[in-house]
Amino acid sequence: MIRILIVEDEEAIANLIRMNLGKAGYQCETVFDGEGAANRILEERFDLMLLDIMLPGLSGYEVLEYAKTMDIPVIFLTAMGETAQKVKGLRMGAEDYIAKPFDIGELLARVEAVLRRCRKTQEKIRFLDIEIDPDSRVVTKGGQEAELTPKEYDLLLLFVRNRNRALYRETIYENVWGGEYSGTGRTVDLHVQRLKKKLGLEEHIAAIYKVGYRLVIPS
Ligand code: CA
C-alpha cells in the first residue's frame with residue numbers, strides 16, 4: 001500500500017486531504033508541524049509527502065531537506081499566487097506543487113503523476129528457485145506462480161530482506177500484521193508453516209527456540 005504523509009498546519013485542510021486520498025486507496029498520515037514531519041520520515045517509510053510551506057517549527061523548505069535525504073518525493077502545498085514559493089520549492093527539488101485552495105481531482109491527478117514518475121522500480125529478488133517481483137507482488141517457484149495470500153507474501157519479503165538473520169516473533173508480527181504482539185495466539189507460526197509448505201522452504205526456514213525464525217540461504 002502506498003503511504004503518504006500530509007504535512008499541513010491547517011487541520012481542516014489536512015483532514016480533507018487525508019479523507020480524499022484515503023478514499024482513493026492511499027494510506028495517509030497527517031502531521032501539523034515541521035518538526036513532527038521530520039521525525040516521522042526518519043522513523044518510517046513514506047512513498048510521498050504533501051508539504052505545506054508555512055509551518056510552525058521547521059518550515060516546509062527545511063522539511064524538504066529531510067525528505068531528500070530519505071528519498072521521499074515531495075509535492076508542495078503553496079498559498080495561491082505565491083509564485084516565489086513555487087519556484088523556490090521546485091528549485092530545491094520538490095517534484096511538484098499545488099496551489100491552495102485546490103480541487104481534489106487535481107490533487108489526485110498530481111499525486112498519481114508524481115508516484116508514477118518517482119516509482120523506484122524495484123528489482124526482482126531471486127533465491128533458490130524462487131523469484132519475487134516486488135512491483136507486481138508475484139512470486140514464482142521453479143517458474144510456476146505460487147499462490148500466496150497477502151500476509152504470506154509480506155512474510156516472505158520480510159524473511160528475504162532479513163535473510164540469515166533471526167527474526168523475533170514480535171518483529172514478524174509487528175511488520176506483517178501491524179500493531180502490538182500479544183505474545184499469544186499462533187498467527188505467526190501458522191503462517192510460517194503455510195509459507196514453508198507452499199514454497200518448499202521446510203529446510204530453509206529454521207525455528208529458533210524461544211525467539212522465532214530465520215530464513216537460511218547459503219550465500
Ligand atoms: Ca500553513
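Reader: Why does D52 count as buried?

Author: This is a predicted model, in which local features need pLDDT of at least 70 and side-chain atom pairs count only at pLDDT 80 or more, while totals for chains, interfaces and linings use all residues. Residues are numbered from 1 along each chain as its sequence is written, and side-chain values use heavy atoms, with hydrogens and water left out. Buried means under 20% relative accessible area, exposed over 50%, and partly exposed in between, with a 1.4 Å probe and protein chains only. D52 has 5% relative accessibility, and therefore it counts as buried.

Reader: What makes M54 exposed?

Author: M54 has a relative accessible area of 59%. The cut-off for exposed is over 50%, so M54 is exposed.

Reader: Which residues coordinate the calcium ion?

Author: They are D9 (OD), D52 (OD) and M54 (O), at 2.1 to 2.4 Å. Donors are N, O and S atoms within 2.8 Å of the metal, or 3.2 Å for Na, K and Ca; water is not among the atoms, so sites may look incomplete. Along the chain, the donors of the calcium ion follow the spacing D-x42-D-x1-M.

Reader: How do you know that T140 is buried, and where does T140 lie?

Author: T140 has 18% relative accessibility; the limit for buried is under 20%, so T140 counts as buried. T140 lies in strand β8, residues 138-141. Helices (H or I, at least four residues) and strands (E, at least two) are DSSP runs, numbered from the N terminus. Contact means heavy atoms within 4.5 Å. Leaving aside neighbours within four places in sequence, T140 is in contact with D129, I130, E131, E145 and A146.

Reader: What makes a set of residues a nonpolar core?

Author: A nonpolar core is a set of buried Ala, Val, Leu, Ile, Met, Phe, Trp, Tyr and Cys residues joined through side-chain atoms within 4.5 Å. The largest nonpolar core has 27 residues, and F127, I132, V139, L156, F159, I172 and L199 touch the most other members. The largest share of this core, 7 residues, comes from α6. Apart from this core lies another, of 21 residues, among them I41, F46, A67 and I72.

Reader: Where is N164 found, and why is N164 called partly exposed?

Author: N164 is found in the loop between α6 and β10. At 35% relative accessibility, N164 falls between the two limits and therefore counts as partly exposed. N164 also has a positive phi, about 65 degrees, although N164 is not a glycine.

Reader: Which residues does a cis peptide bond join?

Author: A cis peptide bond joins K100 and P101, with omega about -5 degrees. P101 is found in the loop between β5 and α5.

Reader: Why does Q144 count as exposed?

Author: Q144 has 58% relative accessibility, and the cut-off is over 50%, so Q144 counts as exposed. Q144 lies in strand β9, residues 144-145.
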